[in-house]
Amino acid sequence: MSRVLVARLGSMGDVLISGPALRAVANGSRTDGSRPNDVVLLCGPEGADAGEMLPGVTEVHTWSCPWNANPSPAVTAGVADELLGFVRSSRIEEAVILTSFHQSPLPLAMLLRLAGVGRITGAATDGAGSLLDVRLTPGEDFPEDQAEAARALAIARAAGFKLPHGDDGKLHINRSPDDLVKERSDEGPYIVVHPGAAAPARAWPVLHHAATVELLEAEGHRVVVTGGPAEASLTATVAGPSARNHGGRTSLRTLAALLAGAAVVVTGDTGPAHLAAAVGTPVVCLFSPVVPAIRWAPYGVPMELLGDQEAACKGTRARTCPVPGHPCLSSVTPDQVLEAVKRLLGGVSSLATRRKVRSS
């Protein structure tokens, strides 16, 4: 059994969308696919919990990458030696480096080569020299305008790995029963509203969220509001007096269970959108075009995408909105979100239509 390192240095969402590629690498050897691999996932600390939930992953190793982490650690010999030491002691024979369209695999490939990794695959627009054994050129060997999950799987395929027979290629996690969700499910169906976002540019206004909760409740829906430990004030405002507020009360696994039990999830372009996709729950996604929706929208589930995808912030990758008034999302009304929820609950549109970008 070979040990293959698969690197995805990014957020929780970045790690989740790498799931199909990781399953492909775990599936078997390049030659005949009959011998499974030990897959060592290399990720940042913010992606580790997600990595532990992914099928096919044997081991998760976290490393704070100087060119990817936020905030980025200083580049020191110690930072490099930590990774080099781990790779050398872990019998890593091969590496597959997964990156987004704006990232390069070459700095990590250099370190892995110094650590003795014999075969490395990645996608790079720059000349790779001896750093990559298998190099894909974005825009030539595969299209850039495709879902990030499909991009990652294409890199794994180029390395010689393919999904096992019967694998649908969608996002999945290892799931376990959750007593909290079993108890809540006895109360009937519910809709999850997740108002937080890692970057302000991707956040829908707080009071819009609160108004949406009121509209959903007026329609007879039970609403559960979720958020991280630092979002207690946000979730309390959004939940109001009657929605169930789980802000700061869930681990990632408990959040996954809550999302799995929901009829629909309302959220922005943030990790829980991908977690909802990984448990198969339809998503109303309030999507700011600072990154392309065709690459980063929730993958493989029924979806309604809301937001002006041609707004002036398009493609800027800004973390703070560069346009006064945040018009790409602030122009979306709670009534529009309610109608999107209704469409998903009613199964009105096809999957292809749901993945179409909707402008406000």
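**Close-up views of a predicted model**

**View 1. Helix H14 and its buried residues.** The buried residues of helix H14 are Pro334, Val337, Leu338, Ala340, Val341 and Leu344, where buried means under 20% relative accessible area, exposed means over 50% and partly exposed lies in between, with a 1.4 Å probe and protein chains only. Seen down the axis of H14, these buried residues fall within an arc of 160 degrees, so they line one face of the helix; the arc is that of the directions from the helix axis to the C-beta atoms. An α-helix has 3.6 residues a turn, so residues three or four places apart point the same way. H14 covers residues 334–346, and its 13 residues should span 18 Å at 1.5 Å a residue, which agrees with the 18 Å between its end C-alpha atoms; the expected span is 1.5 Å times one less than the number of residues. Gly347 follows H14 and has a positive phi, near 60 degrees. Helices (H or I, at least four residues) and strands (E, at least two) are DSSP runs, numbered from the N terminus. The model is predicted, so to speak of local features requires pLDDT of at least 70 and side-chain atom pairs count only at pLDDT 80 or more, while totals for chains, interfaces and linings use all residues. Residues are numbered from 1 along each chain as its sequence is written, and side-chain values use heavy atoms, with hydrogens and water left out.

**View 2. Helix H9 and the elements around it.** Thr235, Val238 and Ala239 are the buried residues of helix H9, which comprises residues 232–239. They cover an arc of only 95 degrees around the axis, which puts them on the same side of H9. These buried residues pack against strand E7 (191–194), helix H8 (206–218), strand E8 (223–225) and strand E9 (244–245), contact meaning heavy atoms within 4.5 Å. After H9 comes Gly240, with a positive phi near 65 degrees.

**View 3. Helix H6 in its surroundings.** Helix H6 (residues 148–158) has eight of its 11 residues buried, so it is largely enclosed by the rest of the structure. The buried residues are Glu148, Ala149, Arg151, Ala152, Leu153, Ala154, Ile155 and Ala156, and they pack against helix H2 (19–27), E4, E5, strand E6 (134–136) and H12. Gly160, which follows H6, has a positive phi near 105 degrees.

**View 4. Strands E4 and E5.** Strand E4 (residues 94–97) and E5 run parallel and are joined by three bridges; two strands pair if DSSP finds at least two bridges between them. Within this pairing, Glu94 stands opposite Arg119 in E5. Four of the five residues of strand E5 (residues 119–123) are buried, so E5 is largely enclosed by the rest of the structure.

**View 5. Strands E10 and E11.** Strand E10 (residues 264–268) pairs with E11 in the parallel sense over four bridges, and Thr267 stands opposite Cys285 in E11. Both faces of strand E11 (residues 283–286) are covered, with Val283 and Cys285 buried on one side and Val284 and Leu286 buried on the other.

**View 6. Aromatic rings.** Rings of Phe, Tyr and Trp (its six-membered ring) pair if their centres lie within 6.5 Å, and planes under 30 degrees apart count as stacked, over 60 as edge-to-face and the rest as tilted. By this rule the count comes to one aromatic pair. Trp63 and Trp67 form that pair, which is edge-to-face, at 5.7 Å centre to centre and with 75 degrees between the planes. Trp63 is buried, with a relative accessible area of 4%, whereas Trp67 is partly exposed at 38%. Elsewhere, Arg295 lies over the face of Phe101, at 4.1 Å from the ring centre; a charge sits over a ring if NZ of Lys or CZ of Arg is within 6 Å of the ring centre and within 35 degrees of the ring normal.

**View 7. Residues in loops.** Arg91 is found in the loop between helix H4 (77–89) and E4; its phi is near 60 degrees, a positive value in a residue other than glycine, and at 58% relative accessibility Arg91 counts as exposed. Arg317, in the loop between E12 and helix H13 (327–330), likewise has a positive phi near 60 degrees, and with a relative accessible area of 42% Arg317 is partly exposed. Gly300, in the loop between helix H12 (293–296) and strand E12 (303–306), is buried, with a relative accessible area of 15%. Gly300 and Gly169 are 131 residues apart in sequence and 8.6 Å apart in space, C-alpha to C-alpha.
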